[in-house]
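This report describes one protein model for a reader who has not seen it before. Please look over the sequence and the structure first.

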Amino acid sequence: MHNKTFVAAAVGLGLVALSACGSGQGQDKADGKTVTLVSHDSWAVSKSVLADFEKRSGYKVRVLKDGDAGQAVNKAILTKDNPQGDVLFGVDNTLLSRALDNGLFQPYTAKGLDKVGARYQLDGKHRVTPVDYGDICVNYDKAYFSEHHLAPPQSYADLTKPQYKNLLVTENAATASPGLGFLLGSAARFGDNGWPDYWKKLKANGVKVVDGWEQAYYQEFSGSSEGKKAGGDRPLVVSYASSPPAEVIYAKKRPATAPTGVATGTCFRQIEFAGLLSNAKNPKGAKAFLDFLVSKEFQEDMPLNMYVYPVVAGAEVPADFTKYGPSARHPETMAPEKIAADRDQWVKTWTSLVLK
């Protein structure tokens with residue numbers, strides 16, 4: 001989940017978002033003892049879990065954060081001949097074909113991959129390792145809908161109805177992975193010919209588009225704690241099914257129920273991967289780190305740090321996480337080949353329909 005504020009709160013509870021941070025050009029620690037991880041901004045892991053890996057493996061972990069997943073992937077492609085690091089984490093199924101087509105990764109079959117469900121293994125050549133999954137969904141502000149005696153929307157189609165006019169904020173599909181996921185979800189739901197008309201209806205119904213998730217969730221959305229402080233006036237936002245439990249767990253005074261809900265008929269399944277970067281300075285350390293990412297220890301540590309679900313069979317998820325943020329039962333999905341074939345043209349069409 002691409003969620004810096006939730007992660008920042010987690011750091012205060014004894015987690016570690018990074019061992020080192022920067023945006024330097026190329027690797028400056030190619031000493032064989034340091035593994036450099038390039039990630040989107042939401043990477044986080046418990047201090048004790050990372051320390052255990054470093055002790056067992058003999059490698060120190062250095063982290064470089066490069067913004068949203070789309071930004072991180074694009075930068076990694078531009079620097080692939082002299083990569084910033086050894087491992088890239090956070091490329092998801094909406095961007096996977098772009099990364100693979102640009103030769104971003106070299107193959108490696110991680111130890112423990114046999115315990116990862118086949119539905120998450122989207123690359124038969126093992127150039128990427130599945131790490132987590134989550135659901136991109138519309139979230140709603142429960143208080144707003146209660147005060148206005150209005151039932152919250154539950155489906156894509158509901159969002160075009162007059163009673164929800166000027167209530168939804170989403171992210172730019174060309175710059176932010178949640179926005180792209182929402183676009184792909186609508187394409188999966190309405191088909192190649194139906195999704196453009198759907199977005200015309202959304203635009204006519206007052207959908208607001210902003211650059212990224214943080215702006216949408218923490219400035220525009222009235223249901224988040226930060227959104228309230230910022231005076232956000234949109235009670236519907238494209239976010240994640242795991243956002244409601246974060247609102248509960250990191251509240252100063254913990255509420256009995258989540259202040260936000262999920263429109264379960266608006267979800268798109270997102271799978272995140274990590275891979276050994278081509279031309280990595282420390283491929284041996286990178287392989288050890290990829291093994292670590294599919295270890296049960298890391299997989300069970302992950303949900304309350306990054307608000308995503310584990311992909312390894314048998315990895316337990318904390319009760320608080322499942323209580324307030326269960327994964328969608330019937331999310332929209334799309335084959336990687338379909339995404340690869342149509343994504344760029346869909347984004348161009350979406351841009352011309354919605355932003356111009």
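Which residues in α2 meet which residues in α10? The model is predicted, and in it Val49, Phe53 and Arg56 of α2 meet Ala288, Phe289 and Phe292 of α10. Sorted by class, this contact has five nonpolar residues, no polar residues and one charged residue. Helix α2 covers residues 47–57 and helix α10 covers residues 283–293; their axes come within 11 Å and cross at roughly 140°. An angle counts as roughly antiparallel only over 145 degrees, so α2 is oblique to α10. The crossing of these two helices, α2 and α10, is right-handed.

The crossing in which α6 passes α14 is left-handed. On the α6 side the contact includes Leu180, Leu183, Leu184, Trp195 and Trp199. On the α14 side, Ile339, Trp346, Val347, Trp350 and Leu353 are among the residues involved. Charged residues take part too, including Asp192 and Lys200 of α6 and Asp342 and Arg343 of α14. By class, the contact of α6 with α14 has 13 nonpolar, one polar and six charged residues.

| Residue | Phi | Loop | Relative accessible area |
|---|---|---|---|
| Asn279 | about 65° | between β11 (260–277) and α10 | 43% |

The remaining values concern the whole protein. The protein has 14 helices and 12 strands. Its C-alpha atoms fill a box of roughly 60 × 45 × 35 Å along the principal axes. A compact globule of 356 residues would have a radius of gyration near 21 Å, and the 20 Å of the protein agrees with this. Of the 356 residues, 57% are buried. Among contacts with a separation of 6 or more, 77% join residues 24 or more positions apart.

Technical notes. Residues numbered from 1 in each chain as written. Predicted model: local features only at pLDDT ≥ 70, side-chain atom pairs only at ≥ 80, totals over all residues. Heavy atoms only, no water. Left-handed = near helix turned anticlockwise from the far one by under 90°. Helix = DSSP H or I, 4+ residues; strand = E, 2+ residues; numbered from the N terminus. Contact = heavy atoms within 4.5 Å. Rg over C-alpha atoms; globule rule 2.2 N^0.38 Å. Buried < 20%, exposed > 50% of the residue type's maximum accessible area, 1.4 Å probe, protein only. Axes fitted to C-alpha atoms, helices over the stretch in contact; angles between N-to-C directions. Parallel < 35°, antiparallel > 145°, perpendicular 65-115°, else oblique.
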